[in-house]
Amino acid sequence: MLIDQSFFVGEILVPNLTGVGPIPAGNVEELNRFISKYEPEFLDEVLGPDLSAAFQTGISAATPEQRWVDLKLKLVNATRKESAIAGYVYYHFYRDRLSTSSGLGEIESTAENANVVLNTDKMARAYNDAVRKGRAVFNWVVENAETYPEFDLEHEYTLSPVNTFGI
C-alpha cells in the first residue's frame, strides 16, 4: 500500500486510530480494509489498469526503477502525509458510515447528549480534491507517455467531482 493510517490527518482526519485497545485496533483494521480496496481502484482510474498493475509491481521491487519512484512521488508526498489516494479512501470510508446494515434494513446512528452531523461537505471536498489531483497525475503521465509504455493512450480519465449530495 502506498498510504497508511498516518495520511488521515487534518481535513481528512479519521479519529481513534492510535492507542491501545479494541476501538483503535478495530478502526485501523477497518481503515486498512478500505485502503486495500480503494487505493488500487484509484490507481486503475488514474493510470489505467495496465499501468496501474505495472506500477504496483515495479514500486514493490527491492530497488524500483526511477520511473516508478517518479510516479510514486506524483501520487504520494510521504513527508507531508498528502495523497489524492487518501482523499479518495476517506470519501468511501465515511460514505460507508452514513448508515449501518441491520436485520431491519439500513439504520442511522444516534448519539446520546450529542447531535450527529452529516459530514457530506467534508466528504465532497476530500473526493473533489482527489479528483483534481488525480487529473494532474493523469495529465503528467500523458505528457510522459514515452516513459510509461504500459499506459494505454486510449484510457480516459473518468473521475468527476461530486456535490454534497453525493451526486
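The lining of the largest pocket has seven nonpolar, three polar and eight charged residues. Here Ala, Val, Leu, Ile, Met, Phe, Trp, Tyr, Cys and Pro count as nonpolar, Asp, Glu, Lys and Arg as charged, and the others, Gly among them, as polar.

This is a predicted model, where local features need pLDDT of at least 70, side-chain atom pairs need 80 or more, and totals for chains, interfaces and linings use all residues. Residues are numbered from 1 along each chain as its sequence is written, and side-chain values use heavy atoms, without hydrogens and water.

The largest pocket holds about 350 Å³ of space. A pocket is an open set of points on a 1 Å grid where a 1.4 Å probe fits, with protein on both sides within 12 Å along at least five of seven lines; lining residues have an atom within 4 Å of a point. Of the 18 lining residues, Val9, Glu11, Ile12, Asp129 and Lys133 are closest to the centre. Helix 5 (120-143) is a lining element, and gives the most, with seven residues. Helices are DSSP runs of H or I, at least four residues, numbered from the N terminus.

Helix 5 also meets helix 4 (84-96). Their axes, lines fitted to C-alpha atoms over the stretch in contact, come within 8 Å and cross at roughly 145°. The angle runs from 0 to 180 degrees between N-to-C directions. Contact means heavy atoms within 4.5 Å. Among the residues that make it are Tyr88 and Tyr91 of helix 4, and Ala126 and Lys133 of helix 5.

The structure holds nine salt bridges, each a side-chain nitrogen of Lys or Arg within 4 Å of a carboxyl oxygen of Asp or Glu. One joins Glu150 and Arg67 at 2.6 Å, N to O.

Technical notes:
Points joined across faces, edges and corners; volume = space filled by probe spheres on them. Helix = DSSP H or I, 4+ residues; strand = E, 2+ residues; numbered from the N terminus.
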